[in-house]
Amino acid sequence: MKLKGTLLLLLSMLVVFLSGCEPLLVLDPKGPQAERQASDIMISIGIMAFIVIVVMVLLVYMLVKYRASRLPDDYEPPHIEGNPILEGILIGVPIIIVAILSFITVKSNYIVESTPEGYEDQEPLVIYASSSNWKWHFSYPEQDIETVNYLYIPTDRPIEFKLYSFGPITSFWIPQLGGQKYAMADMVTTLHLAADTPGEYMGRNANFSGKGFAENTFTVTAMTQTKFDEWVDEVHETAEPLTEDTFEQLLEPGHLGRMTFTGTHLGFSPAPEHEHSDDEMDSGEEHKMHAEKEREMHTEHAAHE
Amino acid sequence: MKIDHTQPLEYSTQQNQLNIFGFWIFLGAEIMLFATLFTAYFIMENRTGNGPTGPEIFEIGPVLFETFILLTSSFTIGLAVHAMRIGRKKAMLAFLGVTLLLGVAFLSAEINEFVHYYHVGATYQTSGFTAALLTTLGTHGGHVTLGFFWGVCILIQVMKDGINARTANKSFIFSLYWHFLDVVWIFIFSFIYLKGLM
Amino acid sequence: MEFFERFAVPNPNPAIYASMVAIVVVSLAIIIGLTYFKKWGYLWREWLTTVDHKKIGMMYLISALLMLFRGGVDALMLRAQLSMPDNKLLDPQHYNEVFSTHGIVMIIFMAMPFIFAFMNLIVPLQIGARDVAFPRLNAISFWLFAAGAMLFNISFVIGGSPDAGWTSYFPLAGTEFSESVGTNYYMIAIQISGIGSLMTGINMITTILKMRAPGMTLMKMPMFTWASFMACVIIIFAFPVLTIALLMGTTDRLFATNFFTTTNGGMDMLWANFFWVWGHPEVYILILPAFGIYSEVISTFSGRNLYGYKSMVGSMVIISLLSFLVWTHHFFTMGQGALTNSIFSISTMAIAVPTGVKIFNWLLTMWKGKIRFTVPMLYSVGFIPLFTIGGVTGVMLAMSAADYQYHNTMFLVAHFHNTIIPGVVFAMLAGLTYYWPKMFGFMLNERIGKWGFWFLSIGFVLAFFPMYITGLNGQARRMYTYSEATGFGPLNFVAFIGAGLMAIAFCLIVYNIFYSIKHSPRNVGDDPWNARSLEWATHNPVPEYNFARTPHVASSEAFWDAKKHGHELFKGEIEEIHMPNYSGVPFIMGVIFFICGFSFVFSLWIPAIVSLIGIFACMVLRSFEKDDGRLISVEEIKATESKFESAEEIKTAVSTYGGANS
Ligand code: HEM
Ligand SMILES: [Cu+2]
């Protein structure tokens, strides 16, 4: 009977999980990308819960019906080889499920890797987000502003993050706006996000990067375009310019807190965009074991000496 | 040990058969090892940083010499195994000895090559490319070095004990190893040097 | 740094000093104990020099249990630190070291030796062989593993532990960001034990393909043997990749090469790729033998033949193939674009299909069976639903667009613990209980075993299910602390309680061993579980020569056939048996490898070179050695056999374990 107890426990946990006392960050999206991901997650939880329940029901059935204590002493279990039809079904149904999920995933992949849905006709705001131990630097080339550890973005405009790192691999993640992407030292990756509603969101580095990793967070404030423009003007009036020396100091390991500068570091310390970027990576892919690695060969390293 | 006389000497006991079979599996793992190195090399090929590129440092002369020597040694080890099969101890020893000498010649040429790389500024630390190149070549060279000492051990044993199930088995396995290194070299020659020089 | 400073732990704290003292005390106690009881000779003759697959298996088993506790203490520290917001139990550096060593110890030094223990103990018996193909090599494999494990564990007190995670991503693991010798230990200790694993792979493949009993075709092999075989095939293809990756990592750290640096053409992503080209197959190296054990246990305690033998084999072959085609799913977020992600997403999900086939086959094995709830069966029954949850969350992670949200979070942590604990650890505990009489000739206590199972299962659910939720709530993995405002507190506290229950479970399991050594009845006979496959056709505990006469096999359930259908397993007369001689060289090689590894960790070149020469000297010695083994005479075999037979008569009346009453 303890078994049923655990099963009950499992099921109740699932219910708690599905209903959620408070909305979980990832399931409380505030932008189109996160919304797509949340809906993928919910669909897959549904389908997966179905599979788990089928397995559990079958298991309980077998255990209850065929436990030795219920069977006569002289009962001899039969010898049963496989049954092609039954096994065919047991292979066929999972294949169908996987096919459905694959279809959803492939579609989502292209969606999250391009300008958010509904925002296609707008020029994206490009922000360079670079990490150094253990902080984030946000450069707004268009506005000529750089901030540390906080991010202001306008709502209703697609944002294109250009990610790279001045140290270990990090991962740029704002759960309520969309999933994460790595920032690395020798290439620039691109993350497309957009915020539908104004608000404050948690952002962090999700990839372990050493001692200061836990506090490697930033806040994201989404606001209307007018508010955003006001902020930009204000920064230009009040903030100090970012010099190369200051920037070198900023790169020292530490946390810093929030900072604001006019100008960006992109001039004197450009992003590693001469390397391959992920846009050109998709060309000529083959479904082949080493496709992933061979692609790295396309680098034009020799060219930039 | 039961000796089965219907089999060639090197296969004639059960343990001998196991040894040979196991060695084939080992070679399978070695293939993966070198495949990984080649993959790394192909990825790193153009990542030369501030250091020289392949075409700038490769020299066809010494490489052809090394290739020629190693191919010849593969031939002589084949002859040694043949001599062993027909029970000619002296011939076998001679061919085995020649093989090992060729191995030494190969190694000295390779060491020369490394010295040359060092002089033209392609050291182990220079760039991703040189690290991958020298590790790939070095792993092969290390295998040849190991093979040389192994071969010497076998040579001494055949000299002392003659050709029997034990020594035949060892010599045969050694020949598999030596051929394998030769094949790896052919890949190195084609995909590292020729490709780099073209 | 000063020469001696390097040996000091960079971030000492009381726990480390206490452990240093504990290590010294325990070592002294062992040495004094051995001397006092005059057991050095026994230890050397019977264990350190052994080449017997059963004894080697037992040594793997003991090491695995020890490492389980080492890794378990790490785990408790981690969970304790996270049990409350803003907890100050561990500082970040210490926390980083603890989770790094936890991961490596559990995967490389606990799970691997555990599966090798069962491969060694059971595979030769299941195929009716006298030993493995290369007994001496087998001993070397073990001692290499032991050397690696020792080396890795002393990092804690000499020089500092690795702190870049078990995945050890560069450039974080490079000298620039990880200055202490910790990551050197990682590279070299894993290298040494990895070479051992590779050799075990070669050994087992040769054994299984070449040494099966007459009549045992490939499709008549018991399922555990099939599973071990496939795992070893994966080892052969996967471990060389790790060897090279570790070699490159080592040269980067020791010789300042530029494989994984971010300057001069180095490429940090190359490490991630190589690591996972090994790493993903590695998880299947662990799970396939576990599947094998479940197949044996479920069919034994359902009293039925394994359902769908062919599809069981087929699915393992497909899983093994696919396991090499999915490694990119560990970094969908590296920016390789939608197409690549889609391809690897689909190949990953495809693995769920053959895995599902296996789950349904186990369920159908119980169908129309007669299920006895013994401890091994309880673990198997618990495995099915829990592992299914782990598998389906794997499928969720495999959806790459959604994985952008799961990656690097506690959701991922929950997934892989959900596969590894009910999958691998439960299987090992099931196997431990199931094969205990095979090894030692007495049973583990069922009552304590059942308590252990329930503590472990409930503890597991409490410890890991909350992580799915906190993961979706934005808790990244490997954070040493979090603030109250995040709201992660309560669920992490639940997880801590779960971890505590699991710790109690493991203590119960070990207590059970001591309890049973004292109290369990001996002479349980040769078939205490009413089992089916060939390993049960010999005595308990198994005599050194395994089978007095070579068995002749006609199905995958040879022993069952013999019991129920009068199949004649053993034909002919007893003959002399050829056995390999014991040798001290493997142990000595292990010791030298340890010294060599240690010297490399600290860049002590002279001892490094001397010990390398020592290793080659051992190999040369071996080459010149003429050792044709020894023969066990017919009289000796008959004497041993008759001892077992008289014991067997005493107990024939005793009913088999785990009958209807439990
Ligand atoms: C149905 C089969 C499975 C699928 C589809 C699957 C899928 C995945 C995916 C997609 C990831 C990467 C997630 C991420 O990093 O974001 C992952 C991670 C992992 N899985 Fe699975 N998995 C399966 C079964 C298993 C099994 C059987 C094991 C172990 C025995 C396992 C152990 C792991 C481990 C150790 C990790 C990553 C650990 C780390 O990053 O430190 N998985 N799995
Ligand atoms: Cu994986």
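The second largest pocket of this predicted model is lined by 49 residues, and C:Ile30, C:Ile62, C:Ser63, C:Leu66 and C:Met150 lie nearest its centre. On a 1 Å grid over the protein atoms alone, a pocket is an open set of points where a 1.4 Å probe fits, with protein on both sides within 12 Å along at least five of seven lines, and lining residues have an atom within 4 Å of a point. Local features need pLDDT of at least 70 and side-chain atom pairs count only at pLDDT 80 or more, whereas totals for chains, interfaces and linings use all residues. Residues are numbered from 1 along each chain as its sequence is written, chains are lettered from A and ligands numbered from 1 in the order in which they are written, and side-chain values use heavy atoms, without hydrogens and water.

**The second largest pocket**
- Its volume is about 2500 Å³, taken as the space filled by probe spheres set on grid points that are joined across faces, edges and corners.
- Helix H3 (53–82) of chain C is among the elements that give two or more residues to the lining, and H3(C) gives the most, with 13 residues.
- Helices are DSSP runs (H or I, at least four residues), numbered from the N terminus.
- The lining divides into 41 nonpolar, 5 polar and 3 charged residues; Ala, Val, Leu, Ile, Met, Phe, Trp, Tyr, Cys and Pro count as nonpolar, Asp, Glu, Lys and Arg as charged, and the others, Gly among them, as polar.
- Domain 1 (11–48) and domain 2 (49–583 + 627–650) of chain C each provide at least three lining residues, with bounds from an automatic or database domain assignment.

**The shell around ligand 1**
- Ligand 1 is surrounded by 23 residues, the closest being C:Trp166, C:Asp403, C:His407, C:His415 and C:Arg477; a residue is near a molecule if one of its heavy atoms lies within 4 Å of it.
- H11(C) gives the most to this shell, with 6 residues.
- The shell residues divide into 13 nonpolar, 8 polar and 2 charged.
- Polar side-chain atoms of C:Trp166 and C:Arg477 each lie 2.8 Å from an oxygen atom of ligand 1.

**The metals**
- C:His415, found in helix H13 (residues 410–440) of chain C, is the single protein donor to the iron atom of ligand 1, with NE2 2.2 Å away.
- Donors are N, O and S atoms within 2.8 Å of the metal (3.2 Å for Na, K and Ca); water is not among the atoms, so sites may look incomplete.
- The iron atom of ligand 1 and the copper ion (ligand 2) are 4.7 Å apart.

Terms used:
Polar contact = N/O pair within 3.5 Å; in protein donor to acceptor, adjacent residues only side chain to side chain.
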